[in-house]
Amino acid sequence: MEELLNGTIDPACLQEPPLALDVIRQLDVFGWCLYSVLTFMSCVSLLLYLDQCVYIYKNMSYPKKTTLIWISGAAPVIATMSCFGMWIPRAVMFTDMTSNCYFAVVVYKVLVLLIEEFGGSAGFLRRFSGKPFIIRTGPCCCCCLCLPQVPMSRRWLFFLKLGVLQYAILKTILSILSIVLWTNGNFDLADLEITGTAIWINPFIGVLTIISLWPVAIVFINTNGFLRDLNIMPKYALYQLILVLSQLQTSIINILAMDGTIACAPPFSSVARGSMLNQQILIVEMFIITVVNQHLYRRTYDDLSPEVQDNDKNDAEVALKTTLVEHDV
């Protein structure tokens, strides 16, 4: 019975992803139309982003403009890398690594943007030093109602930044390590054995991701009321949407492909076909997000009003004393 089942399996379903030339050869009329439209969408996303970068560079002040350029580039970068992965299936490991490393930096830049809207770390501390911050937020502690509120301080702000920065650094290091192990045949997403490297690296990256999202959520939930005039809510929502689509959606499709739910279609194996479908879906999703980003980022906003940006005189004195004491410590 096993020999009969093995005999019905197309050998291509057990092979590596096809070469780019093999992909081109097997395209029919619909395939050419689909690949052409998706490639066009990726190119438009990149051109819209470059135009947006020019606008931000000319109309925004430093260092805020570099932060906005990084954040608004998440969708077009993912779309461009997905386009490369669609045409060159064997390069998916490299394109996914590039997208993930870029987005890891974007997570940190979102926190930086929230702080820079108040005038940087100094202005943020002047506004919130000594004020209690709610920390029972997702994705770590949204259900922990017993957690106390923590007063904002220079040291607490440093730990919040460190909690996000570790993801940008360690995610890049682990991605490069995964590539090195993959080229040597030691890293395979389908290998779920306890001796496999993927079963150790991927969960660890997941833990780092959760830890990095928590500080961003803490700062956002405590400051978004002051930043509504700057359209911070839709910007944060798009950042969360990109996170879900590029991380959670990709993981779900990979699991379905490894489980065999996504059928093999020669020359694509189940895993390769799942990866190809994910790249195509991401291109469409990131194109839509890039168009929406044009409305949010390709415009200038008025600075925060003095009532919001600065404390009253007594609060400023308290913040200054707190800062000096912590600096001495």
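This is a predicted model: local features need pLDDT of at least 70, side-chain atom pairs count only at pLDDT 80 or more; totals for chains, interfaces and linings use all residues.
Student: Is Leu-170 buried, partly exposed or exposed?

Tutor: A residue is buried under 20% relative accessible area and exposed over 50%. Leu-170 has a relative accessible area of 32%, so Leu-170 is partly exposed.

Student: How many residues of helix α5 are buried?

Tutor: Helix α5 covers residues 74–87 and is mostly covered. Its buried residues include Ala-74, Val-77, Ile-78, Met-81 and Cys-83. They pack against α3, α4, α6, α10 and α11. Of the 14 residues of α5, the number buried is twelve.

Student: What distance separates the end C-alpha atoms of helix α5?

Tutor: The expected span is 1.5 Å times one less than the number of residues. Helix α5 has 14 residues, so it should span 20 Å. The model agrees, since the end C-alpha atoms are apart by 20 Å.

Student: Is Ser-269 buried or exposed?

Tutor: Ser-269 lies in the loop between α10 and α11. The cut-off for buried is under 20% relative accessible area. Ser-269 has 8% relative accessibility, so it counts as buried.

Student: Which residue has its backbone nitrogen 3.3 Å from a polar atom of the side chain of Ser-269?

Tutor: A polar contact needs N or O atoms within 3.5 Å. The pair here lies 3.3 Å apart, from the side chain of Ser-269 to the backbone nitrogen of Ala-272.

Student: Which residues is Leu-114 in contact with, leaving aside its neighbours within four places in sequence?

Tutor: Leu-114 is found in helix α6. With a relative accessible area of 1%, Leu-114 is buried. Beyond those sequence neighbours, its contacts are Val-216, Val-219, Phe-220, Leu-227 and Ile-232.

Student: How far apart in space are Leu-114 and Tyr-236, C-alpha to C-alpha?

Tutor: In sequence, Leu-114 and Tyr-236 are 122 residues apart. In space, their C-alpha atoms are separated by 9.7 Å.

Student: Among contacts between residues at least 6 apart in sequence, what percentage join residues at least 24 apart?

Tutor: The chain has 13 helices and two strands. Of its 329 residues, 44% count as buried. For contacts between residues at least 6 apart, the share joining residues at least 24 apart is 76%.

Note on methods: Residues are numbered from 1 along each chain as its sequence is written. Side-chain values use heavy atoms; hydrogens and water are left out. Buried means under 20% relative accessible area, exposed over 50%, partly exposed in between (1.4 Å probe, protein chains only). Helices (H or I, at least four residues) and strands (E, at least two) are DSSP runs, numbered from the N terminus. Contact means heavy atoms within 4.5 Å. A polar contact is a pair of N or O atoms within 3.5 Å; within protein, one must be able to donate a hydrogen and the other to accept it, and residues adjacent in sequence count only if both atoms are side-chain atoms.
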